[in-house]
Amino acid sequence: MNKSIRIILYILLLVVFISGMTYFYQYLTGLEFQPHPENPNIPSRTSTNNGNDTQSGKQAPQQETVAENLRVPWEIVFLPNGNILVTERPGAIVQISNDLTKRYEIANVEHIGEGGLLGMALHPDFDNNQWIYIYKTTLENGRLRNQVERYIFKDGFTDRFLILDDIPADANHNGGRIEFGPDGKLYVTTGDAGNGDLAQNTSSLAGKILRINDDGSIPNDNPFSNEVWSYGHRNPQGLAWDGNGRLWATEHGRSGFASGYDELNLIERGNNYGWPIIQGNETRQGMTTPVQHSGASNTWAPAGLTYHDNRLYFGGLRGTSIYVAHLNEQGGLITIAQHPKHDIGRIRAVKHGPDGYIYLTTSNTDGRGEPKQNDDKIFKYALENFIAADSY
Ligand SMILES: [Ca+2]
């Protein structure tokens with residue numbers, strides 16, 4: 001073989017090898033390879049139309065950008081006055097109203113890998129007590145931990161109260177979704193913090209869905225006399241209750257080169273969801289197989305989950321799509337449809353808003369995406385975007 005051709009071949013092989021190793025390393029460690037895009041811009045509201053379309057009789061838009069220039073947004077909540085709050089993983093909460101955006105810093109947040117300021121929930125009686133709950137990663141005496149805190153939110157976040165401490169944390173697999181259930185209890189998803197064995201240990205808070213009272217105490221009808229409600233989870237990041245009051249959760253399956261086997265689970269008290277022992281359609285005595293999974297070769301990397309009118313909507317990070325699971329009247333799963341037509345990148349939070357729209361946050365500045373201009377953003381979409389294409 002000609003020498004120069006051989007040299008070119010060697011160089012090509014080297015490039016392929018280095019790219020492969022970089023990719024492999026990124027998914028092994030979760031470290032952020034791309035330089036973190038420091039966005040100097042303040043967040044901005046892009047829409048003056050805060051969900052009053054139907055009341056005003058105007059033609060409702062099919063999709064709309066609600067806010068932009070956010071820094072790794074993770075969760076959205078809607079305040080009774082129509083404002084939106086969004087957590088930013090580096091450690092802030094942004095308030096978005098018709099005429100302002102304001103950023104509040106939250107102290108002692110450790111933004112590392114997938115950790116940082118993650119979930120947020122309003123107390124069911126927020127109108128009277130102004131209580132807001134958050135889930136964050138923190139560093140204490142050199143140890144990473146996740147915790148749930150409660151604040152009073154009026155003009156700012158005050159009266160910090162520690163609700164739940166000492167949830168195992170790691171750069172990856174921190175769970176982080178918190179939601180109040182129809183029973184008034186706070187449900188908390190936690191990741192296995194990179195140690196699958198902890199998910200099977202019902203006395204560890206890692207790899208679980210937890211259930212606590214609004215002051216952090218343990219409800220007396222929990223199955224293991226601690227905070228644990230269900231176990232055997234790897235990295236659940238979405239929680240929603242359907243019209244029959246049943247709890248659903250999304251969960252990240254295996255990662256790395258193989259990936260796939262992301263899960264949609266129906267969560268029941270005390271059940272074991274199998275990680276790290278079973279995955280996909282595998283079954284084992286005493287373990288619960290997912291209602292649906294993404295298959296061995298398809299990756300959703302599912303995050304936020306929301307329910308409306310017999311449909312569960314969830315976002316995909318690596319899937320860069322909205323997935324819609326259509327349930328029948330009995331709550332059984334009919335289909336899961338993928339909606340890839342909105343080319344907005346990675347999707348983290350998904351919420352059915354009080355104005356009837358599906359809200360979502362992008363997650364393109366999280367170090368694993370390709371930020372577009374003015375990312376990250378909050379978008380809202382009319383339900384028709386998803387329902388029309390439900391059958392494909
Ligand atoms: Ca499972």
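User: Two residues are in contact if their C-beta atoms, placed from the backbone, lie within 7 Å. Leaving aside its neighbours within four places in sequence, with which residues is Val228 in contact?

Analyst: The structure is a predicted model, in which local features need pLDDT of at least 70, side-chain atom pairs count only at pLDDT 80 or more, and totals for chains, interfaces and linings use all residues. Residues are numbered from 1 along each chain as its sequence is written. Val228 lies in strand β14, residues 228-231 (helices, H or I of at least four residues, and strands, E of at least two, are DSSP runs numbered from the N terminus). Beyond its neighbours within four places in sequence, the contacts of Val228 are Thr202, Lys208, Leu210 and Asn222.

User: Is Val228 buried or exposed?

Analyst: A residue is buried if 20 or more other C-beta atoms lie within 10 Å of its own, exposed if 12 or fewer, and partly exposed in between, with C-beta atoms placed from the backbone. Val228 has 22 other C-beta atoms within 10 Å, so it counts as buried.

User: How far apart in space are Val228 and Tyr187, C-alpha to C-alpha?

Analyst: In sequence, Val228 and Tyr187 are 41 residues apart. From C-alpha to C-alpha, the distance in space is 9.6 Å.

User: How many helices and strands does the chain have, and what percentage of its residues count as buried?

Analyst: The secondary structure comes to five helices and 25 strands. Of the 392 residues of the chain, the buried part is 42%.

User: Which residues touch the most other members of the largest nonpolar core?

Analyst: A nonpolar core is a set of buried Ala, Val, Leu, Ile, Met, Phe, Trp, Tyr and Cys residues joined through C-beta atoms within 7 Å. In soluble globular proteins, nonpolar side chains tend to be buried together. In this chain the largest nonpolar core has 78 residues, and those touching the most other members are Tyr133, Val188 and Val350.

User: What is the strand order of the open sheet of five strands, and which strands are its edges?

Analyst: Two strands pair if DSSP finds at least two bridges between them. The five strands pair in the antiparallel sense, in the order β1-β2-β25-β24-β23. Two strands pair on one side only, and these edge strands are β1 (44-45) and β23 (347-352).

User: What is the phi of Asn108, and what is that of Asp309?

Analyst: Asn108 is in the loop between β6 (101-105) and β7 (117-122) and is partly exposed, with 13 other C-beta atoms within 10 Å. Asp309 is in the loop between β19 (302-308) and β20 (311-316) and is exposed, with 10 such atoms within 10 Å. Neither is a glycine, yet phi is positive in both: for Asn108 it is near 60°, and for Asp309 about 50°.

User: Over which residues does pLDDT fall under 50?

Analyst: pLDDT is the predictor's confidence in each residue, from 0 to 100, and the chain averages 88, with 88% of the residues scoring at least 70. Where pLDDT is low, the predicted coordinates should not be read in detail. One stretch under 50 has 19 contacts beyond four places in sequence: residues 25-40. Another below 50 has twelve contacts beyond near neighbours in sequence: residues 48-57.
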